[in-house]
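Work through the exercises below with the sequence and the model at hand. Each task is followed by a stepwise solution.

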Amino acid sequence: VVVVDRPNSSKEHDYLQQFHLAPGSKTETKDESIVVKDEENEQLLTIHQLVSNQEMKVEDSLCSLEYEKAVSCPIVKTKIQGKTGYFVTLIEIGSKSGYLSSEVTFNDKLIVKSLGGVYEMSLSKMEVDFFEHSTAGKKEINNFNLEITDNNGSWELAGDGSDKFVVSESS
């Protein structure tokens, strides 16, 4: 899996790319990559940052598998500074790593060499305007102007569209 992030701003920023790992995951740094293993020491994945001078760090963090319950889990962070950023992250899934080397060329080409062959992809042609291609931005959203009132200890909604909602109290 290749993840390409290109944050861009007119001002200087600290850009942070983060990957939360499953609770109980163990990590080790190997050749500037992060190897992730489960509690039984089985390799789950390997994370490689393919743009030079980007150091990955593993820190303790929290995640939630259930509503309102936080558990400890590791997080992999990569930080860069500037007006623009460029993260190219290769995530190998599983333990049969065939990864040998990679490079991002000056003309925005990613070349990955593995035991299975040499793969090339143009990073400049991967640019996609999410809002242009998304149907979410074109979907009409209903607006409701509702009032909630206390009717002798029973909460009720009033207003146009109140029939589309249910009021319930949680303990």
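**Salt bridges and strand pairing**

E66 has 48% relative accessibility and therefore counts as partly exposed (buried is under 20% relative accessible area, exposed over 50%, partly exposed in between; 1.4 Å probe, protein chains only). This is a predicted model: local features need pLDDT of at least 70, side-chain atom pairs count only at pLDDT 80 or more, and totals for chains, interfaces and linings use all residues. Residues are numbered from 1 along each chain as its sequence is written, and side-chain values use heavy atoms, with hydrogens and water left out.

**Exercise 1.** Find the salt bridge partner of E66.

Step 1. Apply the rule: a side-chain nitrogen of Lys or Arg within 4 Å of a carboxyl oxygen of Asp or Glu.
Step 2. K69 forms a salt bridge with E66, with the closest N and O atoms 3.6 Å apart.
Step 3. The count by this rule is five salt bridges.

**Exercise 2.** Locate D14 and K79 in the chain.

Step 1. Their side chains meet in a salt bridge at 3.7 Å, N to O.
Step 2. D14 lies in strand β2 (residues 8–20) and K79 in strand β7 (residues 69–84), 65 residues apart. Strands are DSSP runs (E, at least two residues), numbered from the N terminus.
Step 3. K79, at 47% relative accessibility, counts as partly exposed.

**Exercise 3.** State the order of strands in the open sheet of three strands.

Step 1. Two strands pair if DSSP finds at least two bridges between them; five bridges join β9 to β10 (residues 109–114).
Step 2. The order is β9-β10-β11, with antiparallel pairing.
Step 3. β9 (99–104) and β11 (117–122) each have a single partner strand, so one side of each is left without a neighbour in the sheet.

Definitions and conventions
Helix = DSSP H or I, 4+ residues; strand = E, 2+ residues; numbered from the N terminus.
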